[in-house]
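User: Hi! Could you walk me through a few features of this model?

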Amino acid sequence: MTTDRSDADDRVPVERDLVQRNVVQSDREPLDPVQRDVMGLDLRSDCSRCVGLCCVALGFTRSSAFAFDKRPGTPCQNLSGDHRCRIHTELRERGMTGCTVYECFGGGQKVSQLLYAGRSWRDDPATASAMFADFHAVQNLHELLWYLTEVLTIEAAEPIHGDVTVLVDELTGATGDLDALHSVDPLAMPDVVGPLLEKAVALARPTGPDHRRADLAGRRLTDLRAADLRSASLMGADLRGADLREADLLGADLRGADLRAADLSTAFFVTPSQVAPARGDATTRLPGRLGAAPSHWV
Ligand code: SF4
């Protein structure tokens with residue numbers, strides 16, 4: 001997984017070499033956010049409880065998504081002394097769209113508040129690099145928790161809920177203190193999580209078009225119900241009005257895709273950072289877990 005906030009390839013780590021299987025019909029009812037965020041995990045960014053970790057730890061390069069270069073580990077020129085962004089309300093106008101689509105999956109506040117007990121990289125520059133490395137690790141593990149907790153909301157995946165719960169407990173524990181975090185290899189965990197996500201979709205996704213890893217950039221597509229779009233490129237695709245219910249979107253690249261009037265309400269493994277770089281509006285139906293549509297859509 002990249003830790004750069006540029007809009008370069010941003011695929012998830014659980015996408016590789018997973019085997020497609022036959023599926024059975026699942027008619028998922030949208031669940032409310034409380035049900036979806038089972039086990040009370042805090043898997044969405046809350047900048048108000050973070051010490052600006054992403055604005056320091058990550059790097060980006062001048063591009064259509066960023067107005068200037070920033071090296072990893074250096075504070076952004078727009079970061080204020082109280083860890084707030086000075087241009088927060090005008091990021092897009094200032095050429096910083098990359099910042100508006102970033103999601104740490106709650107890693108920022110967990111590292112800031114729990115693992116480092118409110119200490120800032122400013123307070124203790126000697127430990128800053130360790131803090132940034134821990135932020136990367138927690139973010140990666142929290143992204144995996146995002147997918148795993150979704151599986152626990154999928155009724156058809158009930159046969160594997162026990163195994164998934166064990167893994168959720170394990171990853172939650174691994175992000176609970178620094179010793180535990182340093183005892184796991186975050187880069188190895190996708191190989192543990194990936195097969196379970198594959199099993200979940202095998203149990204829950206009806207048969208649909210196979211577009212796994214397909215290059216669909218710029219294409220006009222509408223009939224994508226239950227499609228396997230895992231790791232597919234949909235960059236700039238015209239998906240207006242598309243039926244994406246029960247589609248597997250794990251790792252699909254939706255940057256610049258037009259999702260107006262598209263229905264993703266029961267799509268699998270959709271993340272906030274995946275849909276934010278797409279184009280949508282009030283007619284786009286997103287999974288309930290994502291909450292409100294990105295503010296720049298309206
Ligand atoms: S522009 Fe604002 S949100 Fe983006 S990295 Fe800089 S301080 Fe953070």
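Predicted model: local features only at pLDDT ≥ 70, side-chain atom pairs only at ≥ 80, totals over all residues.

User: How many of the nine residues of helix α4 (residues 107–115) are buried?

Analyst: Residues are numbered from 1 along each chain as its sequence is written. Helices here are DSSP runs of H or I with at least four residues, numbered from the N terminus, and a buried residue has 20 or more other C-beta atoms, placed from the backbone, within 10 Å of its own. Helix α4 is mostly covered, and its buried residues number seven.

User: Which helices do the buried residues of α4 pack against?

Analyst: Those buried residues include Gly107, Lys110 and Leu115. Counting contacts as C-beta atoms, placed from the backbone, within 7 Å, they pack against α2 (54–57), α5 and α7 (178–182).

User: Are α5 and α8 roughly parallel or roughly antiparallel to each other?

Analyst: The axes, lines fitted to C-alpha atoms over the stretch in contact, with angles from 0 to 180 degrees between N-to-C directions, come within 10 Å and cross at roughly 20° for α5 (residues 128–151) and α8 (residues 189–204). Angles under 35 degrees count as roughly parallel, over 145 as roughly antiparallel, 65 to 115 as roughly perpendicular and the rest as oblique. Therefore α5 and α8 are roughly parallel.

User: Which residues of α8 meet α5?

Analyst: From α5, the partners are Leu141, Leu144, Tyr147, Leu148 and Val151. On the α8 side they meet Met189, Pro190, Val193, Leu196, Leu197 and Ala200.

Technical notes: Helix = DSSP H or I, 4+ residues; strand = E, 2+ residues; numbered from the N terminus. Contact = placed C-beta atoms within 7 Å. Buried ≥ 20, exposed ≤ 12 C-beta atoms within 10 Å, placed from the backbone.
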